[in-house]
Amino acid sequence: MAIELKMPALSPTMEEGKLARWLVKEGDEVASGDILAEIETDKATMEFEAVDEGKIGKIVVPEGSEAVKVGTVIALIEGEGDEGDSQAAPEPEKDEAGSKPEAKEEKQQPPAKEASEAEIVKDEAPAPPRMDPEIPDGTDMKALTVREALRDAMAEEMRRDDRIFVMGEEVAEYQGAYKVTQGLLDEFGPERVIDTPITEYGFSGVGAGAAMGGLRPVIEFMTFNFAMQAIDHIINSAAKTNYMSGGQMRCPIVFRGPNGAASRVGAQHSQNYAPWYANVPGLVVIAPYDASDAKGLLKSAIRSEDPVVFLENELVYGRSFELPDLEDFLVPIGKARIVREGADVTIVSYSIGVGVSLEAAARLAEEGIEAEVIDLRTLRPLDRGAILESLAKTNRLIIAEEGWPTCSIASEVIAICMEDGFDDLDAPVLRVCDEDVPLPYAANLEKAALIDADRVVEAAKKVCYR
Amino acid sequence: MAKAARKSAPPAAPDLDEDDENFALRSLQQAHAKNRRYKADKDELLKLYEQMLLIRRFEEKAGQLYGLGLIGGFCHLYIGQEAVAVGLQSALDNDKDSVITGYRDHGHMLAYGLDPKVIMAELTGRAAGISKGKGGSMHMFSVEHRFYGGHGIVGAQVPLGTGLAFAHKYRKDGGVCVAYFGDGAANQGQVYESFNMASLWKLPIIFVIEDNQYAMGTASRRSSAETHFHRRGTAFRIPGMDVDGMDVLEVRQAAEIALDFVRQGNGPVLMELNTYRYRGHSMSDPAKYRSREEVQEMREKHDPIERAKIELIGLGESEEALKKLDKQVRALVSEAADFSENSPEPDLSELYTDVLVERY
């Protein structure tokens, strides 16, 4: 039985091509791998190889033929009798239409459900309500800086799980460039607290690989500005692997460090990357403001099975906050928090912007405007419900974000309000962001470029028509 | 090999510091030169031959299915390079060692003993594929078999593999990671960041450069200042080995020397496997950057499968038996192709699964 050789497609979009040259003639014996012909399109040339062995029986399409449709029989191979049957068997089942991907999709449309049914159900079920931990009456509160809270979170988790290690520049002997890892080397030793060379791309990849291999890395970037060198591993390696592997290969890793503008360090060291990472499916992005969220969320991030980008802020590291003295204090990922209640206008913010918003809210109160301040805390997945609930209550909303306005978290919050909160809006949603320029060095220009309470107050009054 | 003439040039670097006893950058190459080929008995060689043949036939079939429009996007075939994956894999301890590679990954998975059906079904984008049809040709993984991909970004697997080696050392599980990459990837900066850390921390990893002589269409001599890739670890104190990647028994023997060194806690080894890909970089390759004669010469004179076949006959295997084996392999591949064509595409509900592991 003869084997039909069909015009191959060089790419899924190719429909026809030129049969430029035959490199065999009728009667030639061919073995698999022999080049039979050259096929050309306007984009590329391909050598067409034999897969089966046998004798070229007939050349159906002569060389030099233009516009030969994909799937056209171009030659026949006479099989070696016994071998021919087994090889030819799958071929005749393919009709011309079968070789076209479009046609196939229709054929495949009725999906086989049984295997995935359970997962669909699981996926449509609402996420279990996960609330902030109850703080029992009489719980001691203690003041702690954000810096200490982050360190305590890592230390507590490292005591719990020996797969966790901390890696980054100056995290060990130097005790952390910003002293966030202070004391960890003493307690956990050099096998678990690891100084790296200045090689962000490399050590982010090492961290991602270690996570794929079953460990729980916490990778510190001295600042997230340097993580741009490593963003390929954060996105292409860490964020996409679980999906690309059909859920088989996880990458439980935390990338953490200070993000956003510091003080007088110029444009290359002063950028908020929250919108960059929050754009990426497969990542969890967290940006806490106060010490208790910093601690409770970092602990949750380290325990998560997903890759987490944990954005801190250098200017906030030294601020002290009251923290409940509770064992194993975990704050849920994906839940915003109302940090000040109010009925007149909602101010949505995160990270250092929350401090600015609280200052603005205090001043607004003096003028008789009660602002509700929402700390998003997690930027991906974003707590849409919390935003919309507050909007339904106040009917006016602004966003305060220490970062550029274009394609920002603020843009996303505005989109949510438009899509799902339109009927609740009594005024356009406004955003208060940094000026749309690289951050300047000069003190006066830097101040002019960054958000402040004045601007937040002004925007809040504007949406209140005051 | 095409490279032989170039390599006969005298070494440019002066002799290394003889006073430093630990600086044994050429010791593995010397051990390799003394004993180049593994002494395989007939059964051992037959097994290697069968694995190489399976890869060859599988890839030929994949090329054919691509031509029929059943495989989409990019598809990088391993034809010509079979001895590299098969020779190295045969020396590994499958219970503890890990492997990672780039996008030319079908051959490595087959060498690892993964079912050709689930690989082919991934290539055709079906639910039964090893990544549920969500990864494709370049993104396949089997954590169960310690095969960690299947990575589409050139060179990314090198730091990831270094991370896997870090995990072996951290857990003290005795495993070694083998990280494969090409002569093209060897020019990525992250490769050298990884060399530095792997050597600094004495991580159990073998860096394997599969030098198939072309980075897409750019010959290594046009892209690389140092084409003796095994020397590229020198600056990081990583010993190198220069190996004929067209001879499965040489690959196997070299792998044993490297593994022995790494398992003793000496840190990484860099192996250069000189090989050749017969087919294009991917399916749509203009084939204009090298002559057909060059390709034919490699196929006719250096084919790893033909070479093993001749040796098998020399060891007393009958042509009859080899023909029968070829038929079995073809049947296995045909079965995989049928399976990959006839199994259903993923359910649409799979679109939103596996984005995150947990719910928040």
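**The contact between chain B and chain A**

Reply: Let's start with who takes part: 73 residues of chain B and 97 residues of chain A make up the contact. Keep in mind that this is a predicted model, with an ipTM of 0.92 and a pTM of 0.87.

Now for the polar side of things. There are 25 residue pairs in polar contact across the interface of chain B and chain A, counting pairs with both residues at pLDDT 80 or more. Four salt bridges also cross this interface.

The top contributor is H7(B), with nine residues. Sorted by class, the chain B side comes out at 29 nonpolar, 20 polar and 24 charged residues.

Stay with H7 for a moment and look at the aromatics. The whole structure has 18 aromatic pairs over all chains. In one of them, B:Phe166 and B:Trp201 have ring centres 6.2 Å apart and planes at 65°, which is over the 60 degrees needed, so the pair counts as edge-to-face. B:Phe166 belongs to H7 of chain B, while B:Trp201 is in the loop between H8 and strand S4 (205-211) of chain B, so the pair ties together parts 35 residues apart in sequence.

Over all chains the structure holds 58 of them, including one between the side chains of A:Lys299 and A:Glu157, at 2.9 Å from N to O. A:Lys299 is in helix H10 (residues 291-303) and A:Glu157 in helix H4 (residues 146-160) of chain A, so this pair links parts 142 residues apart in sequence.

A few backbone spots deserve a glance too. Most residues other than glycine have a negative phi, and most peptide bonds are trans. Against that background, A:Arg380 and A:Pro381 are joined by a cis peptide bond, with omega about -5°; A:Pro381 is in the loop between strand S20 (378-380) and helix H12 (384-394) of chain A. B:Gly149 and B:Gly150 are also joined by a cis peptide bond, with omega about 20°, and B:Gly150 lies in strand S2 (residues 147-150) of chain B. Then there's A:Cys407, which is not a glycine but has a positive phi of about 50°. You'll find A:Cys407 in the loop between strand S21 (397-400) and helix H13 (409-420) of chain A.

Finally, confidence along the chains. Chain A has a mean pLDDT of 89, with 88% of its residues at 70 or more. Its residues 82-125 have pLDDT below 50, and that stretch has 53 contacts in the model beyond near neighbours in sequence. For chain B the mean is 92, and 93% of the residues reach 70 or more. Residues 1-14 of chain B are below 50, with 20 contacts beyond near neighbours in sequence.

Methods: Residues are numbered from 1 along each chain as its sequence is written. Chains are lettered from A and ligands numbered from 1 in the order in which they are written. Side-chain values use heavy atoms; hydrogens and water are left out. Contact means heavy atoms within 4.5 Å. A polar contact is a pair of N or O atoms within 3.5 Å; within protein, one must be able to donate a hydrogen and the other to accept it, and residues adjacent in sequence count only if both atoms are side-chain atoms. Helices (H or I, at least four residues) and strands (E, at least two) are DSSP runs, numbered from the N terminus. Ala, Val, Leu, Ile, Met, Phe, Trp, Tyr, Cys and Pro count as nonpolar, Asp, Glu, Lys and Arg as charged, and the others, Gly among them, as polar. pLDDT is the predictor's confidence in each residue, from 0 to 100. Rings of Phe, Tyr and Trp (its six-membered ring) pair if their centres lie within 6.5 Å; planes under 30 degrees apart count as stacked, over 60 as edge-to-face and the rest as tilted.
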